[in-house]
Amino acid sequence: MRFGKITGRNNILADSGPVSCSWRVVFVVLLFALNGAPYADGEVSAACKEVDYKIATPSLIAIKCEEKDVSDLVGKGQIYDPAVGLSVPVANVSAVPYPAARKWLVLQLSSVQAPDSPYSLQAGKKYKLSVLLYEAQNPPPADITPTAFDLDVSNTVVVGAAFAVSSKNEYEFVSHIAYKKGPHGICQLQVEDFAGKTTLLKAHDCTVPGPISDPTRIRSATDLARASESPEDIGSFSLTLDESNKAAQDLPASVPSLADIFDKPVKLDSKSQLLIEKAPSTKDASNYYVNFNYAAGRGSKPGWVLDAKISPTVGRLFSGYQFIPTALADIGGNQIPNLKYTDTINMGAALAHMYQPNDILQGLLFKPGFTYETDREFDRNNILATTDLQYRFVNLYNPRQRRSAAKFATELKIADAKKIPWTRANSKPVLFGYALDFHTGVEIGGALKDTVVKASVGKAALPLPTYNIARVVPQVHGLLEMGRFSVDAVGTPRYLTTAENTVLERADHSLFLKRLHGWNAFGVITGSWSFDPAGHFSLTLAYKDGFAPPKFSRVNTVQSGITVKY
Amino acid sequence: MKRPYLWIVVATVVLLVVLAVVGFRFYSFRARLTPMSVHDRVTNVVQTWGRMQVLPDDKQELEVIWAASGPQFEFYPYGAQDLTEKLHQEFRESGKAVLHFTDIYASANTGGKVKTVDDLANAVRQNYRPQ
């Protein structure tokens with residue numbers, strides 16, 4: 001059903017061509033002449049395609065339009081009672097914009113006999129509306145056609161779970177009729193099982209955000225906007241159950257002391273269910289990466305390698321900063337002489353905030369934190385204060401996912417213009433994607449205490465004295481995607497400004513102490529082929545080369561395995 | 001420091017505090033003078049966040065808006081966090097957080113339920129508790 005105006009190119013009569021236009025005009029004129037009253041079940045351009053309505057008072061109705069902005073529309077019309085007949089209107093209707101909501105109109109009903117007296121809708125009845133809408137700043141066009149609209153004044157309430165998953169056990173009771181009063185704070189919800197047995201569930205945070213306590217005092221759209229800035233709040237009641245409703249088959253029956261503007265207790269839709277809300281799963285909100293590999297090198301027996309990362313987002317944003325505990329491991333067994341995994345375990349936490357400096361540098365991720373750096377043998381104990389800055393320049397972040405979504409947005413505009421239904425399922429994903437970002441960071445700290453490092457085979461042992469750490473860590477990260485295949489490369493030329501101690505193992509399993517300073521670069525190139533379209537599971541081949549802390553032993557290895565990313 | 005100077009310093013500090021409080025109150029008061037529905041305030045925030053030239057449509061997906069015109073970094077978590085932060089700024093008079101960024105649906109966060117502009121406006125309205 002639509003309310004509408006007919007203007008310019010959107011004019012259906014005009015769009016239909018001169019011949020059909022004249023036929024329609026004749027038809028409309030005949031219809032008016034035969035009925036004597038202008039109730040027309042016709043269609044017009046979408047000046048206001050109705051998507052929702054709220055009966056705020058017996059003589060004031062708020063209508064939500066699909067259009068983005070109807071705040072310039074006004075109109076006139078009639079309301080009919082089908083029980084009486086569609087030839088004689090029971091009341092006049094005047095339409096004005098809802099003062100605080102650009103998608104809403106307010107329809108005010110007045111008596112046909114006494115235009116200054118309001119007309120009241122009767123509870124339980126159904127009505128039909130017919131309204132002519134036009135732009136307030138222009139006179140109403142002569143060829144405007146009214147649109148029919150059905151209004152149900154029964155107070156059936158639909159129960160739905162709150163939208164945000166973080167709002168656990170929160171439900172909204174939505175009605176087309178405004179609530180006059182309702183419980184506030186602590187309340188009870190009556191539920192009923194299939195045998196008709198009723199139970200009271202305790203609830204809190206019960207609220208009617210837009211109550212119409214005294215409908216007689218709401219006489220105009222301005223009064224209504226003052227009573228409820230958000231028209232969606234009219235006929236809304238929400239509560240949070242103290243405990244999750246364990247019996248999903250229980251149906252909500254009533255809320256004691258919740259009444260509508262007709263002073264009738266509300267009845268809940270028998271099809272409504274208290275769907276059990278899932279708590280925010282840490283996994284869903286997290287960042288997980290597990291890569292299990294076999295490592296192989298020339299003349300060596302393959303060994304296993306686990307390259308894993310866990311960095312869930314914990315808690316809420318604090319001034320735009322998010323707390324992220326992080327655990328990273330690149331460890332393994334059956335170590336291969338000269339060809340090794342990095343043997344690194346990092347545990348720590350960071351705060352992260354993405355700034356948006358300007359149109360060239362569109363993102364600057366500031367990530368201060370701390371890290372405990374060790375190895376699988378836990379014979380290193382480095383504590384580091386870290387700071388990482390990630391630079392995201394314009395046109396350098398275009399992975400397939402983003403490019404596909406952008407392509408869909410363009411297609412959607414064209415489809416909307418041509419009135420073609422279009423969803424993301426209709427849009428073919430793009431083939432190529434890429435990303436390139438740069439980092440600069442510092443790692444400052446030290447080895448906590450002297451430790452003794454043992455050889456992986458034999459009884460050789462060597463003390464590792466404490467040392468200070470001050471590293472400058474630039475990094476370049478690139479990603480290239482082609483369909484389900486991708487190549488990801490990370491280069492980290494780490495510069496040690498102070499000498500660091502490490503104990504290294506020779507091929508004969510003897511140990512020696514080495515002092516390191518200057519550049520110690522480390523690079524990883526990973527090729528992946530994902531099994532699923534979302535890229536959660538993939539087959540990977542990774543080449544690692546260079547020196548990674550805390551051991552800084554030479555790594556030159558190829559690893560293949562399965563990667564799981566969430 | 002001589003006593004008169006001390007009084008001047010104290011008076012200046014008190015004056016600055018009073019002006020800051022009054023300024024903040026007046027700012028909040030002005031914001032309240034122009035009534036606007038939660039839905040309209042949310043669409044205004046989304047328009048700014050997504051760097052859109054026109055107001056977003058209710059059915060538009062947030063992730064698609066970001067990809068089409070948003071800054072060039074990840075929608076989730078950073079774009080979602082930015083949107084949440086902007087909403088918290090807009091609805092700072094709310095006693096309850098209007099949204100948690102993990103509520104926002106993304107290809108990288110399929111557990112989120114807030115997918116479109118309309119979902120977002122509803123979620124914010126349901127959590128908005130003006131103080």
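Two residues are in contact, for what follows, if their C-beta atoms, placed from the backbone, lie within 7 Å. Keep that cut-off in mind, and keep in mind that this is a predicted model.

I will start with a helix pair in chain B. Helix α2 covers residues 38-49 and helix α4 covers residues 75-90 of chain B. Which residues meet between α2(B) and α4(B)? From α2(B) they are B:R41, B:V45, B:T48 and B:W49. From α4(B) they are B:D82, B:L83, B:K86, B:L87 and B:E90. Sorted by class, this contact has four nonpolar, one polar and four charged residues.

Now the geometry of that pair. The axes of α2(B) and α4(B) come within 10 Å, and they cross at roughly 135°. Angles over 145 degrees would count as roughly antiparallel, and 65 to 115 as roughly perpendicular. α2(B) and α4(B) are therefore oblique to each other. The crossing of α2(B) past α4(B) is right-handed.

Next, the two chains together. How many residues of chain A are in contact with chain B? There are 46, and they touch 40 residues of chain B. On the chain A side, the elements that each supply at least two residues include β20 (314-318) and β23 (361-374), and α4 (400-417) of chain A is another. The largest share, six residues, comes from α4(A). By class, the side of chain A that touches chain B has 21 nonpolar, 13 polar and 12 charged residues.

Now chain A by itself. Between domain 1 and domain 2 of chain A, the contact takes 11 residues from domain 1 and 13 residues from domain 2. On the domain 1 side, the elements giving two or more residues are β2 (48-57) and β6 (104-111) of chain A. That side of domain 1 of chain A, the one touching domain 2, has nine nonpolar, no polar and two charged residues.

β2(A) pairs with strand β3 (residues 60-65) of chain A in the antiparallel sense, over six bridges. Which residue of β3(A) is the bridge partner of A:E50? That partner is A:C65. A hairpin through two residues joins β2(A) to β3(A). As a general point, side chains in a regular strand alternate between the two faces of the sheet.

That is where I will stop.

How values were computed:
Residues are numbered from 1 along each chain as its sequence is written. Chains are lettered from A and ligands numbered from 1 in the order in which they are written. This is a predicted model: local features need pLDDT of at least 70, side-chain atom pairs count only at pLDDT 80 or more; totals for chains, interfaces and linings use all residues. Helices (H or I, at least four residues) and strands (E, at least two) are DSSP runs, numbered from the N terminus. Ala, Val, Leu, Ile, Met, Phe, Trp, Tyr, Cys and Pro count as nonpolar, Asp, Glu, Lys and Arg as charged, and the others, Gly among them, as polar. Axes are lines fitted to C-alpha atoms, for helices over the stretch in contact, and angles run from 0 to 180 degrees between N-to-C directions. Angles under 35 degrees count as roughly parallel, over 145 as roughly antiparallel, 65 to 115 as roughly perpendicular and the rest as oblique. A crossing is left-handed if the near helix is turned anticlockwise from the far one by less than a right angle, and right-handed if clockwise. Two strands pair if DSSP finds at least two bridges between them.
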